[in-house]
Amino acid sequence: MKTRSLILLLVLGLMLAACGPQATSEPAMPEAPANPTLILATTTSTQDSGLLDVIVPMFQNQTGYTVQTVAVGTGAALAMAQEGNADVLLVHAPASEIPLMESGDCKDRMLVMHNDFVIVGSPADPADIQGLEVAVDAFAMIAEAEAAFISRGDDSGTNKKELSIWTDTDSDPNTNKPAWYVESGQGMGATLVIASEKQAYTLTDRATYLANQENLDLEILVEGDAVLLNVYHVMTVNPEKWPETNYDGALAFANFMTNADTQSVIGEFGVDEFGQPLFFPDADKTDADLGL
Amino acid sequence: MVFDAEVFQITVLSLQISALATGLSLFIGLPLGTLLALGKFPGRSFLLSMVNTGMGLPPVVVGLFVAMMLWRSGPLGDLKLIYTPTAIIIAQVIISFPVVTGLTAAALQALDPRLRLQLYGLGASLVQMIWMLWKEARLPLLAALMAGFGSVISEVGASMMVGGNIRYQTRVLTTAIVLETGKGNFDIAIALGILLLTITFLINWALTWIQQRSAR
């Protein structure tokens with residue numbers, strides 16, 4: 001009797017083992033390149049917007065590379081490049097990216113796209129910032145009203161932008177960490193959920209906000225300030241400094257992100273669902289055009 | 001939604017990884033636990049206390065340690081195992097084999113010591129004796145198996161760190177739940193949670209049934 005149940009277990013086990021990876025998207029692929037695995041370190045904001053779920057399969061189908069997209073904060077992504085733990089980066093913290101080019105950790109850096117940050121908050125808007133045109137002023141009013149504000153607190157691109165705006169006010173909460181200034185330490189999606197639950201203000205990129213809008217009880221209160229521009233670059237890790245990296249794959253990805261077809265896909269992403277694009281393709285421009 | 005192809009793929013991957021990890025930790029833990037229970041050698045009780053401490057290892061710490069080993073910058077980086085299901089299996093084996101080992105040792109030590117003497121007296125070889133002891137202790141040993149499986153099917157910290165939650169490659173049920181929660185899709189997260197609980201329940205139901213039949 002017990003043998004029968006053991007045999008049954010064994011059969012079930014074999015059936016389970018026989019279930020190979022089925023739902024992976026692999027239609028007729030071109031022949032795989034010599035080193036097909038590519039580690040793409042990107043930010044949680046980029047991942048949460050859903051753009052990569054469209055772009056990465058396109059790249060995989062066109063080139064035969066298998067991309068391991070690891071969405072960590074910008075800080076972690078840059079640190080991965082500095083240890084040679086990634087092949088290519090897609091990040092949005094220009095001020096922190098330049099040192100990596102200077103140190104020789106990264107080789108190529110190409111402008112890909114931009115979107116913008118917006119200040120969101122509860123519809124009740126206790127600090128009365130709706131419609132303000134200058135982000136620094138809005139932050140100053142939040143500090144004065146001691147209204148709840150959720151910071152990413154994770155060294156991400158969004159976090160760095162937020163901190164740079166605070167330093168331009170007279171009341172930077174990072175000097176004394178008052179109770180109304182909350183650091184979530186998490187990605188943008190999770191931080192937006194916290195802000196919605198606490199009916200607090202936060203700085204978010206427009207893409208993640210729109211992608212999660214239906215689950216949130218927050219409204220866009222301040223937008224359009226030039227300082228709120230959020231610029232994305234793709235950077236390849238330098239094979240001269242980090243010989244283990246897949247430079248061919250990294251360069252292929254960088255070129256893919258900046259070619260005309262991909263750029264138009266980027267420009268159309270989100271239009272059907274949200275009525276407006278989430279990202280604006282910029283591969284034909286220079287950093288100077290965007291004020292960097 | 002439950003029969004969505006991607007959810008199916010995630011579920012199958014979770015089961016493959018955790019079943020393999022549990023199997024491997026049984027392969028390591030059963031003999032090791034037997035050795036610790038029946039053997040007499042210097043350092044035995046020290047090893048036993050290490051194993052018992054291992055039962056409480058925080059999975060996320062195990063994940064961090066294994067990730068540091070498997071990153072390109074780490075000593076085992078050349079194996080290119082980071083962000084693969086194999087990496088998750090390695091981490092899960094480290095998490096579950098102390099559970100299986102410790103509970104096996106306790107199960108065997110709980111047996112009547114006169115049983116061993118009796119088996120020796122009847123002329124059993126070492127292999128025969130160990131087999132008889134295992135059969136005698138099959139109830140707590142099956143419990144050890146269920147505990148080992150439970151410790152890995154439910155963990156998320158190690159899977160996140162060494163697997164990276166990469167879509168179609170290393171996304172498992174637990175990491176998918178974290179992702180959906182972070183996006184605010186609570187309904188999907190709860191549905192995945194119920195799916196995970198149901199599967200774990202079904203597996204443990206089958207194992208319990210086997211265990212209780214042996215109780216006759």
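## A residue in helix H11 of chain A

Glu268(A) is found in helix H11 of chain A, a helix that covers residues 260-268. In this predicted model, Glu268(A) has 14 C-beta neighbours inside 10 Å, and it therefore counts as partly exposed, since that class lies between buried, which needs 20 or more such neighbours, and exposed, which needs 12 or fewer. The C-alpha atom of Glu268(A) is separated by 35 Å from that of Ala148(A), and these two residues stand 120 residues apart along the chain.

## The two domains of chain A

The domain assignment of chain A gives domain 1, made of 34-115 + 230-290, and domain 2, made of 116-228. When the centres of domain 1 and domain 2 of chain A are taken over C-alpha atoms, 25 Å separate them.

Where the two domains of chain A meet, 20 residues of domain 1 are in contact with 18 residues of domain 2. On the side of domain 1 that touches domain 2, the elements that give two or more residues are helix H2 (44-49), helix H4 (74-82) and helix H5 (94-102) of chain A, and the largest share, 4 residues, comes from H2(A). Sorted by class, this side of domain 1 of chain A has 6 nonpolar, 13 polar and 1 charged residues.

## Where chain B touches chain A

Between the chains, 25 residues of chain B are in contact with 31 residues of chain A. On the side of chain B that touches chain A, the elements that give two or more residues are helix H1 (5-38) and helix H10 (186-214) of chain B, and H1(B) gives the most, with 8 residues. The residues on this side of chain B divide into 10 nonpolar, 10 polar and 5 charged.

## Confidence along chain A

How confident is the predictor in chain A, taken as a mean pLDDT? The mean pLDDT of chain A is 89, and 93% of the residues of chain A reach 70 or more. Within chain A, confidence is lowest in helix H1 (residues 2-18), where the mean is 70, and highest in helix H10 (residues 247-258) of chain A, where it is 96.

One stretch should be read with care: over residues 21-27 of chain A, pLDDT stays under 50, and for these residues the model has 11 contacts beyond four places in sequence.

How values were computed. Residues are numbered from 1 along each chain as its sequence is written. Chains are lettered from A and ligands numbered from 1 in the order in which they are written. This is a predicted model: local features need pLDDT of at least 70, side-chain atom pairs count only at pLDDT 80 or more; totals for chains, interfaces and linings use all residues. Two residues are in contact if their C-beta atoms, placed from the backbone, lie within 7 Å. Ala, Val, Leu, Ile, Met, Phe, Trp, Tyr, Cys and Pro count as nonpolar, Asp, Glu, Lys and Arg as charged, and the others, Gly among them, as polar. pLDDT is the predictor's confidence in each residue, from 0 to 100. Domain bounds come from an automatic or database domain assignment.
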